[in-house]
Amino acid sequence: MSKILVTGGAGFIGSNLVDRLILEGHEVCIVDDMSSGREDYLNPQARFYDLEISSEKLASIFEAERFDFVYHLAAQIDVRRSVAHPVFDNLVNIIGGFNVIKTAHEYGVKKIIFVSTREVYGQNYVVLRFSNVYGPRQYKGGEAGIIANFVEAAVKKSACVLNGDGLQTRDFLFVYDAVDALVQAKEVDFYGEMNISTGREVNMMSVIAAIEKATGEKLNYQQLPGKLGEQRRSCLSYQKAHEILGYEPKIDLQQGIQLTVEWAKKQL
Ligand SMILES: NC(=O)c1ccc[n+]([C@@H]2O[C@H](COP(=O)([O-])OP(=O)(O)OC[C@H]3O[C@@H](n4cnc5c(N)ncnc54)[C@H](O)[C@@H]3O)[C@@H](O)[C@H]2O)c1
């Protein structure tokens with residue numbers, strides 16, 4: 001059993017990770033300022049600290065808890081907000097990320113695993129570069145949550161918007177596969193960076209078809225012109241993660257969407 005800190009543990013990926021780590025018998029703490037996290041996602045078996053990651057108080061938590069591992073998932077992830085408020089974005093993602101990594105280093109944490117900031121302090125880190133993650137608990141709204149938005153509209157039988165011709169592609173990674181990779185990254189004797197993805201390019205029309213198959217109903221969407229600057233295609237190779245972690249995505253798009261739809265129905 002290890003003592004593990006998950007920053008952002010009340011968020012989409014972080015809360016799924018906390019549940020998995022607790023199932024595996026680890027002692028888990030969460031640092032989250034609840035800016036986009038949700039109280040009902042907080043695992044009651046984890047110790048929760050309501051704190052902003054750039055706070056000086058972070059060191060006292062490390063002092064009291066003495067973590068073996070740190071997963072750093074707290075971040076300001078809204079791209080539009082980062083353009084509108086770049087100083088705030090830097091404060092969270094650069095200064096806050098630096099504070100987590102620096103403090104972890106000072107308190108002799110064995111390994112830091114993170115997915116967001118590019119600032120690095122010390123050598124004991126693993127950076128996982130996720131493709132587009134989706135699944136239960138994803139925050140709706142913002143560009144990260146296209147599947148979350150469509151699935152919510154499908155189960156509520158409300159309207160949603162598809163920007164562009166629907167042939168733009170993404171590499172959609174189910175959250176349990178992302179969590180698998182996070183757990184594997186803790187186990188292996190490797191420090192550095194790697195992509196975590198499916199290696200499959202999926203267009204929005206296929207996503208809509210998968211949602212319609214899962215619900216048995218037509219999705220009510222309005223097609224609007226594409227957004228300026230939107231990426232046309234996106235797909236990442238996970239070969240390095242396969243070689244180092246033995247990582248292999250297990251859940252295909254139809255299964256993942258089915259699980260997301262089932263979860264979304266329970267939220268109604
Ligand atoms: N969702 C994706 O498709 C995706 C893809 C690639 C990378 N990532 C990365 O994964 C990480 C987690 O993303 P997510 O989708 O779970 O986002 P999320 O918004 O659901 O989770 C982020 C969590 O961090 C907390 N938080 C935000 N700012 C904080 C601060 N200053 N101090 C303390 N807590 C703070 C939020 O309250 C929230 O609980 C992020 O680093 C994100 O960039 C996500």
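What is the handedness of the crossing of H7 and H9? The points below answer this and then widen the view.

1. A word on the model comes first. The model is predicted, and local features need pLDDT of at least 70, while side-chain atom pairs count only at pLDDT 80 or more and totals for chains, interfaces and linings use all residues. Residues are numbered from 1 along each chain as its sequence is written. Helices (H or I, at least four residues) and strands (E, at least two) are DSSP runs, numbered from the N terminus.

2. The crossing of H7 and H9 is right-handed, a crossing being right-handed if the near helix is turned clockwise from the far one by less than a right angle, and left-handed if anticlockwise. These helices pack at an angle of about 55°, with their axes 9 Å apart, where axes are lines fitted to C-alpha atoms, for helices over the stretch in contact, and angles run from 0 to 180 degrees between N-to-C directions. H7 and H9 are therefore oblique to each other (under 35 degrees counts as roughly parallel, over 145 as roughly antiparallel, 65 to 115 as roughly perpendicular and the rest as oblique).

3. On the H7 side the contact is made by Ala210, Ile211, Lys213, Ala214 and Thr215, and on the H9 side by Leu253, Gln254, Ile257, Gln258 and Val261; two residues are in contact if their C-beta atoms, placed from the backbone, lie within 7 Å. By class, the contact of H7 with H9 has six nonpolar, three polar and one charged residues, with Ala, Val, Leu, Ile, Met, Phe, Trp, Tyr, Cys and Pro counted as nonpolar, Asp, Glu, Lys and Arg as charged, and the others, Gly among them, as polar.

4. Helix H5 (residues 146–156) also packs on helix H9 (residues 253–266), at an angle of about 55° and with the axes 9 Å apart, and that makes H5 oblique to H9. H5 contributes Ile147, Val151, Glu152, Ala154 and Val155 to the contact, whereas H9 contributes Ile257, Thr260, Val261, Ala264 and Lys265. The residues of the contact of H5 with H9 divide into seven nonpolar, one polar and two charged.

5. Eight of the 11 residues of H5 are buried, so H5 is largely enclosed by the rest of the structure; a residue is buried if 20 or more other C-beta atoms lie within 10 Å of its own, exposed if 12 or fewer, and partly exposed in between. What covers the buried residues of H5 includes strand E7 (132–134), strand E8 (160–163), strand E10 (172–174), helix H7 (204–215) and H9. Just after H5, Lys157 takes a positive phi of about 55°.

6. Ile257, which lies in helix H9, counts as buried because it has 27 C-beta neighbours inside 10 Å. Not counting residues up to four places away in sequence, Ile257 touches Ile147, Ala210, Ile211 and Ala214.

7. Finally, the sheet deserves a look. Seven strands form an open sheet with parallel pairing, in the order E3-E2-E1-E4-E5-E6-E11, and two strands pair if DSSP finds at least two bridges between them. Strand E3 (47–50) and strand E11 (192–196) stand at the edges, each with a single partner strand, so one side of each is left without a neighbour in the sheet. Strand E6 (residues 125–130) pairs with E11 in the parallel sense over five bridges, and Leu128 stands opposite Met194 in E11.
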